[in-house]
Amino acid sequence: MIHTNRWSPDTCGCVVEYTWDDEAPQEARIHRYARHITVCDVHAHHGGTEDGYRALLDDHRQKNMAIAILLHEYPHIEYGEIGWSYTPDRKIELRLNYRALEPWEDALKETFAALGQPLPPQHERRLNRALTAEEIDHVHALCDLQLGSEQARIVG
Ligand SMILES: [Zn+2]
């Protein structure tokens, strides 16, 4: 049986429908473009076409890839701490909004500081979590490689 799903990506205002066949084997299931319900301003030049669908899939993949690179390289960062947006020319800007430390984390930091001891290695990275300039450069180099030159940047 052919199913139709509606999708509104978080990367633009398009709303599209695609179909998939539940009788196809799991590994061979593909999403086929069906139609646009809404075409956003970013993708308006494609009109409501399959090319427009491919373009929004690419956008969505690029954004997810940038976040995945960051999480893969620096696993102490939590997914919910990564914010993102686009510049007017559709480059991805990533922002790190670290959650507040838990009271026990603050207490741990204070205790080790009072003792004049380094933090235990399993806690050190989480408690001193800000990325260095070198680490940010490293993420940018990987993004340039995977997404194209200067398509994604950490800006805050
Ligand atoms: Zn769109």
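**Close-up views of a predicted model**

**View 1. Three strands form an open sheet in the order E4-E5-E6, with mixed pairing.** Strands (E, at least two residues) and helices (H or I, at least four) are DSSP runs, numbered from the N terminus, and two strands pair if DSSP finds at least two bridges between them. The model shown is a predicted one, in which local features need pLDDT of at least 70 and side-chain atom pairs count only at pLDDT 80 or more, while totals for chains, interfaces and linings use all residues. Residues are numbered from 1 along each chain as its sequence is written. Strand E4 (82-86) and E6 lie at the edges of the sheet, each pairing on one side only. On average, neighbouring strands are turned by 25° against each other, direction ignored; axes are lines fitted to C-alpha atoms, for helices over the stretch in contact, and angles run from 0 to 180 degrees between N-to-C directions. The antiparallel pairing of E4 with E5 extends over five bridges. Trp 84 stands opposite Leu 94 in E5. H1 packs on this sheet and touches E4, E5 and E6, its direction making about 35° with that of E5.

**View 2. The largest nonpolar core comprises nine residues.** Its members are Ala 66, Ile 69, Leu 70, Ile 92, Leu 94, Val 139, Cys 143, Ala 152 and Ile 154. A nonpolar core is a set of buried Ala, Val, Leu, Ile, Met, Phe, Trp, Tyr and Cys residues joined through C-beta atoms within 7 Å. A residue is buried if 20 or more other C-beta atoms lie within 10 Å of its own, exposed if 12 or fewer, and partly exposed in between, with C-beta atoms placed from the backbone. Two or more core residues come from each of helix H1 (50-73), strand E5 (92-96), helix H4 (133-147) and strand E6 (152-154). H1 gives the largest share, three residues. Another core, of five residues, lies apart from this one and includes Cys 14, Val 16, Tyr 53 and Leu 56.

**View 3. Helices H1 and H4 pack at an angle of about 145°, with their axes 10 Å apart.** H1 passes H4 in a right-handed crossing, a term that applies if the near helix is turned clockwise from the far one by less than a right angle, left-handed denoting the anticlockwise case. From H1, Gln 62, Met 65, Ala 66, Ile 69, Leu 70 and Glu 73 meet His 138, Val 139, Leu 142, Cys 143, Gln 146 and Leu 147 of H4; contact requires C-beta atoms, placed from the backbone, within 7 Å. The residues of this contact comprise eight nonpolar, three polar and one charged.

**View 4. Strands in the order E1-E2-E3 form an open antiparallel sheet.** Strand E1 (2-7) and E3 are the edge strands, each pairing on one side only. Five bridges join strand E2 (residues 15-21) to E3 in the antiparallel sense. Glu 17 has Arg 35 in E3 as its bridge partner.

**View 5. Val 42 occupies the loop between strand E3 (32-38) and H1.** Val 42 counts as partly exposed because 17 C-beta neighbours lie inside 10 Å. Not counting residues up to four places away in sequence, Val 42 touches Cys 12 and Arg 90. A separation of 30 Å lies between the C-alpha atoms of Val 42 and Glu 78, which are 36 residues apart along the chain.

Terms used. Two residues are in contact if their C-beta atoms, placed from the backbone, lie within 7 Å. Ala, Val, Leu, Ile, Met, Phe, Trp, Tyr, Cys and Pro count as nonpolar, Asp, Glu, Lys and Arg as charged, and the others, Gly among them, as polar.
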